[in-house]
Amino acid sequence: MAGRSNGPGDDRGEFGEEWARDLRVQFEQLMRTKRLTEAGQSRAYRSRLDSEERASSSSNLRAPSATPPNGGSTSRPSSSYSQGPSRVSPASPPSYSSLRNLPKIPTAPAPHDKESHKFRNLLMSLSQTPTRYENPGLLDEALQVIPLDRIYSEAEEESQVLEASAASMGDGRKPEWGYQDCVIRALLRWFKRSFFTWVNNPPCPVCLSPTVARGMTQPTPDESACGALRVELYECSNQACGAYERFPRYSDVWRLLQTRRGRCGEWANCFSMLCRAVGSRVRWVWNAEDHVWTEVYSEHKQRWIHVDACEEAWDNPRLYTEGWGKQMSYCIAFSIDGATDVTRRYVRKSEHALERNRCPEEVLLHIMQEIKIVRRGNMSKEERFRLEKEDSKEDRELRGYVVASITQAVTRIVPGSSTPSGSSRAQPVIASSPANDDQKLPAEQPGRQSGNAEWVAARGENGRRNQQFQDPRNPPRR
């Protein structure tokens, strides 16, 4: 690449805009040629298959009946639409590769598809979670526990610093974050450092000694009334004490404002509600591999921002895969406005993706659409139109992550595309995409901070912890 020249504006040692444009044009031409070839082959195959079926049908019509003359009805001529237990079904049509480029159509689960119906029922139940954040009494109660003066003071200070930093650049750029974003960032710091407590094993209620897990127990009526569907039981490790401690896993946000403790489920549930209390639009994000977190809509950025209260993480969606080493299949974001499959925001590489086998993708699209219809049924036409535009914009953003991942992979395999030191950051092609708003590089991703080492290792989320004793002279390759 050293000999490549892109004209007067060429940057030596890095890929320029013209190189990126040429690469894109070549890729599009290659895909166009491939699709035309596949389409021609599929038409030829269909034509030959139709000719064979017509010839077979004609021969069957001319053939004498094989039914004995002493009874029974003659069999119908065979065709591709024949059905019945005695018929031999024709070969299924080939899977045309050209059809894979067509968009998937939302499809309701088949009546006999028990797994799809089970998954649908689960998602419909989970979609109820953010509706609880709209309770005015609950939001008023939340505002009573938030130190609003402190939160707004910190947000104002950070907002002024960001505005001054942007103004000092002299190019008219906007601040990195808006005032409401700074409010959520201040709320995140307070929630993590001062308000909520992480629970590994709760201490003994009598002597405060460490406890040992003894499995699960049935919730009491009071615990069930506060949404505790399961209760963990712990025994004091002090033989002289032997007391037991119950740890109900509450889902009632009102109750969590009093207990102020839990693990990722309780943290995300309570923090999402507090974000709603200070006026932000929120999503509660469920991951099939047993984790939950929050997304907050940034009016300043005009997109959804990843927020994980357990880790005090802000706008770092690659944290789980490239930091924790976690593999994920489904990441579904639920809000008062509907549900969205946001897996592409959090899983950028195929090696981090688990098989999505809960239901066909067309069925998942139908479920997402079904939840949106329920949530938006009573909205005005203007509000629904606004949300549909927002959905389309987010879909382009999510597709942009896929394009960026493919571009990086193609760039790595292009002969002579090895970049010099310092040019390993996002290429110009990616920089022009909205998918590049999350700036943290894989090397900057931290390991999981919440939970003890044994618990994190049991969940397979200790990706960075496994690397902390690596020889710095021979770092592991990712």
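This report covers the cavities and the cysteines of a predicted model.

## Basis

Local features need pLDDT of at least 70 and side-chain atom pairs count only at pLDDT 80 or more, while totals for chains, interfaces and linings use all residues. Residues are numbered from 1 along each chain as its sequence is written, and side-chain values use heavy atoms, with hydrogens and water left out.

## Cavities

The model has two cavities of 30 Å³ or more. A cavity is a set of points, on a 1 Å grid over the protein atoms alone, where a 1.4 Å probe fits but cannot get out. The largest cavity has a volume of about 70 Å³. Volume here is the space filled by probe spheres set on the points.

R281, R283, W304, S335, D337, G338, A339, T340, R376, E390 and D391 line the largest cavity. Lining residues have an atom within 4 Å of a point. By class, six are charged (Asp, Glu, Lys and Arg), three polar and two nonpolar. β11 (338-341) and α12 (381-413) each supply at least two lining residues. β11 gives the largest share, three residues. Strands (E, at least two residues) and helices (H or I, at least four) are DSSP runs, numbered from the N terminus.

## Cysteines

The structure holds zero disulfides. C204 is in none: the nearest cysteine sulfur, in C241, is 3.7 Å away. A disulfide needs two cysteine sulfur atoms within 2.5 Å.

C204 is buried, because its relative accessibility is 0%. Buried means under 20% relative accessible area (1.4 Å probe, protein chains only). C270 is also buried, at 0%. The sulfur of C270 is 9.9 Å from the closest cysteine sulfur, in C275, so the gap is too far for a bond.

How values were computed: On a 1 Å grid over the protein atoms alone, a cavity is a set of points where a 1.4 Å probe fits but cannot get out, and a pocket is an open set with protein on both sides within 12 Å along at least five of seven lines; lining residues have an atom within 4 Å of a point. Buried means under 20% relative accessible area, exposed over 50%, partly exposed in between (1.4 Å probe, protein chains only).
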